[in-house]
Amino acid sequence: MKLCDAKACVLRVGGTNCDAEIKWVLEDLGLSTDILHMNQAIKKDLADYQMLVFPGGFSYGDYVRAGAIWSREILTKLKKDLEIFIDEGKLVLGICNGFQVLVEIGILPGDGENVSGIPTAVLANNISAKYECRWVNLKVESDRIPFFGLLKKGQALQIPIGHGEGRFILQSEDALTELIKNNQVVLRYISPDCAAAEGKYPNNPNGAVYDIAGICNRKGNVMGMMPHPERAYFGWQLPSWGKELPKFGDGKAIFESAVNYIKKY
Amino acid sequence: MKKQIIKKVNARISLRMIDLKAADDRELKEISSVMGLALSLDEMKALKGHFSTMPTDVELQTFGQTWSEHCIHKTFKGDISTEKGTIKNIFKNFIAKATKEMNKPWCFSVFEDNAGLVDFDKGYVIAAKVETHNHPSAVEPFGGAATGTGGVIRDILGVWGEPIACSDVLCFGPLDTDYKDLIGGVKHPKYIYKGVIAGIGAYGNNMGLPTVNGAILFDKSYTGNVVVYCGCYGMLPKDLYINKTQEGDLAVLAGGKTGRDGIHGVTFASADLSEEADEQRSAVQIPNPLVEERLRRATLRLRDSRLCTGITDLGGGGISCATGEMAYRSGLGLGVNLSVVHLKEKDLAPWEIWVSESQERMLYSISPDRLEDAMEIFKEEEVEACILGRFNKTGKLTVIIQNVIVCDLDLNFLYSPPTVMRFASLVETQIKKCDLPEPNNLEDELLTLLADPNIRSREGVIRTYDHEVRACTAIKPLQGSESGPNDAAVLKPLKDSWMGIVISCGINPFLQDPYWMAASSIDEAVRNNVAVGGRRIAILDNFVWGNPEHKDRMSSLLRAVQACYDFAVALDVPFISGKDSLYNESPLGPVRPTLLITGIGMIPDIRRAITAELRREGNPIFLLGTTKEELSGSAYLRSKSAEGGDCPTVDGVLSKSTMDALTLAIDKGLVASCHDLSDGGLGIAASEMVISSKVGMHIDLTKVHSQTRRSDFVLFSESNSRFLVEVEEKGAKEFAGIFKGLPACIIGETTKENALSFEDLKGKNYGVNATQLRLTWRGY
């Protein structure tokens, strides 16, 4: 598809707040992007879009549990449309609160097909019991998914996180084995010198099982991640510029891969 | 009190009337106290003279709110009697005068609105505002601090600004305070500390605003009076700014519901904290950032669609102040119908609805033909809105509820409170000599200071605040991989412009001379800004003082205000906004006179911004400015529990020339890294630069341009207007040329080893590696 014909949609509700910066980077890559409030989205046809982004923030104040309320709203208002969207192989990206929402609706890790409405994992409170804002080091675990087309397996990325509820946990050991077997673990926290974080703070900032920072569905077209790649897009956003200011940060490759995928699609 | 003075006249809507004419002086005072008006006898007498018929409780409450110190700043606008005659209106004759004289074309709106506005790039202006929320935070730390943040965010919305960042400066009692030292309802500093930090984080993070700058101070005087400064900064296209409410426009109230929380917040803030302060918990508002987030979206959509003619936020005094102000500033009158207000609970008395400070509410004026479109936006954004009334030409504020007129006031009288008289002395503060023996080991002294609660790393707090959200934080509160400190934050708010906003602060409450305390705070705010590459700086003042009715508090306030004029003019930095919070007294005594200066600068290209991270080995280290034996109130003396000595002063002309030269050097690309010298002086500044870096630094104290013979004084003096600068080796000559005639000298160089080494005046050598510096400063 020609990029000029493609479009992305960033959804929002009350409490969402990372929508503008995602639009900023997607449009920088040439992908026209609409930010739609749920109240506007239900009047529109999602079929017009090639990519759907659930951005970060505190949807509905994150009351009850992060992402819980918005996920129920999606189930009642957008379930069918979302199922078709995923089924057609279009891209769905959840960042931070968006990841929490995708887990709460049961798309991630899920069975890879349906919007079940039943979560099988959870993004629990950080072990520190505190909100945490920091740049983390990540390892790319899969280069087969559309979001990582420009990345190599084993590659290290530096991207910031900012959350209080980011500890990914599953209901059982078996569920984790299954997730790994299906290549659904796509991003893991590592140390600055690329060693495994092994659950240790601060390299693993929240205590997530198996140092999981991001996962995808079985098909690979739906991805959720706790780190914010839109905050690591430009070089000037990096925490230290070193001797020479780089033009771009590591987050760019993720959005660019998605845009490239849309072009081929 | 004789029962018949306060009369119930309408049980159905619980309205009372007050027979002021029948009240004598004692009873007037009693009425003020019983009704929680916090008005003085003179003010009550003025009201007695004004009303020909009996006023209602709603009317008297309106005066209680509008004439409060919090709303009308009567001390700053009043008369001050001194031994050299009466000084009138120190706000106008010192603070605003400085701005007026400088007459900067880039100041778009100063002291007019909820926030100050200065020009930016591409037709945008920057909005800036800093507030205090001390009393509420002392009673209910989480809610007090959170609603402080919420309130200042609405100040930015109240000038049609899109909030883009927050800052906070906090002053607590020492965390190791003994419980035995707490009396009379004073809560332990640890409890307050945890609650305040959590409150600020919860609100700012929820709103998706990065908290990018701030400071935390500890001192005994804050044990009973926590100080919470909340700042917010925003952007708006200049041509979308509008505040022209017209006759016939509708007053629309939107946002959260109105309840019993926050009743009498302003009068609560305009009196000392008493032992019974806890019983006034209802004066503290309840935060709900989700409602404010929706309100923000709705407000910005209304702005972009040009649907409104005016806007103001609801803060102190609630609906009463917001409606009165909007009508008065437009030269209009307003009829308000309180029956339509969405309530949290039933059975609120009319005066409670009228003055409630329930959070997350805004007031708009909207032309009737735009109303439908505006209401559609509120609906889409899930914001509750109601039409409160219509602006008219009467010049009166009229309120009805269930068809009963409960308030009918002349706005001109309401906004002409009697001038208050305060008393002050212009005597200069005398500080005794300091006789501190010279220590044997400077390394021990340095490490003690690095671990001092007022100097050590704030990483544990900063990480609980999102400082990356909105993805426009270029220079962050934590620098690089080692989480070192930075002097100021730099934001890049516009997609298509490299221009950045530079946010810094200065605060020096430990200096005993109020004049030099204020001068030092201004110098520090400006030099922090200049250190990262900021220029064209505007400043905001926030005074936190004790009860101004005491002569000593008022005297120090007067001296500080004089310094504000002198040094704003000398450093060429206009005040654009400010706020004072007085009556910061508890059973433990008053706060130290505390002046926060916030600097808002700009940098033409954020890629040129400078951090404190040393870049490479072999670069010369310059020290700019003169190091004097100025240690009064310094971190060094405090660590030794010593007092006295000379207070740091500011040479305005020299300071300005030094900073201008530094800006020029930064623009020429000569500066590799830079850090200002403040708490702990040269020793701490050098340590912090090494902590941030992968390389190290060696300095020779004999090369320092100083006026003292003691090594410890050279290392820890807190003289103002100084910077430590790493200069690119090949540009050292050019750099020195720029500083010709100014105090600037090479005192050392960067080294390969990641350590700080220095030679003292007696030729003794010291070396501390970065690992130990980090362990001491940040605890790991």
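Two strands are taken to pair if DSSP finds at least two bridges between them, and the legends below, which describe close-up views of a predicted model, begin with such a pair.

**View 1. Strands β8(B) and β9(B) pair in the parallel sense.** Strand β8 (residues 162-172) of chain B runs beside β9(B), and the pairing extends over 7 bridges. Within this pairing, L170(B) has I216(B) of β9(B) as its bridge partner. Strand β9 (residues 211-218) of chain B is mostly covered, since 7 of its 8 residues are buried. As a general point for reading such a view, side chains in a regular strand alternate between the two faces of the sheet.

**View 2. R294(B) lies among residues of chain A and chain B.** This arginine is found in helix α11 (residues 289-304) of chain B, and R294(B) has a relative accessible area of 14%, so it counts as buried, the cut-off for that word being under 20%. Leaving aside residues up to four places away in sequence, R294(B) touches G14(A) and Y60(A) as well as E381(B), E382(B) and V383(B). With one of these, E382(B), the side chain of R294(B) makes a polar contact of 3.4 Å.

**View 3. A salt bridge between E381(B) and R12(A) joins two chains.** The closest N and O atoms of E381(B) and R12(A) are 2.6 Å apart. Because E381(B) lies in the loop between α14 (371-380) and β15 (385-392) of chain B, while R12(A) belongs to strand β1 (residues 7-12) of chain A, the pair joins two chains. Both partners are covered: E381(B) is buried with a relative accessible area of 1%, and R12(A) is buried with a relative accessible area of 5%. In general, side chains of opposite charge can pair when their charged atoms come close.

**View 4. E131(B) and K579(B) form a salt bridge within chain B.** Here the closest N and O atoms are 3.1 Å apart. E131(B) sits in strand β7 (residues 124-132) of chain B and K579(B) in strand β25 (residues 575-581) of chain B, so the pair ties together parts that are 448 residues apart in sequence. E131(B) counts as buried at 13% relative accessibility, and K579(B) is likewise buried, with a relative accessible area of 13%.

**View 5. E445(B) and K640(B) meet in a salt bridge.** The side chains of these two residues come to 2.9 Å, N to O. The pair links distant parts of the chain, 195 residues apart, with E445(B) in helix α16 (residues 442-450) of chain B and K640(B) in the loop between α20 (635-639) and α21 (652-667) of chain B. How do the two partners compare in burial, buried or partly exposed? E445(B) counts as buried at 12% relative accessibility, whereas K640(B), at 31%, counts as partly exposed.

View 6. For context, a search of the whole structure finds 64 salt bridges over all chains.

Terms used:
Residues numbered from 1 in each chain as written. Chains lettered and ligands numbered in written order. Predicted model: local features only at pLDDT ≥ 70, side-chain atom pairs only at ≥ 80, totals over all residues. Heavy atoms only, no water. Helix = DSSP H or I, 4+ residues; strand = E, 2+ residues; numbered from the N terminus. Buried < 20%, exposed > 50% of the residue type's maximum accessible area, 1.4 Å probe, protein only. Polar contact = N/O pair within 3.5 Å; in protein donor to acceptor, adjacent residues only side chain to side chain. Contact = heavy atoms within 4.5 Å. Salt bridge = Lys/Arg side-chain N within 4 Å of Asp/Glu carboxyl O.
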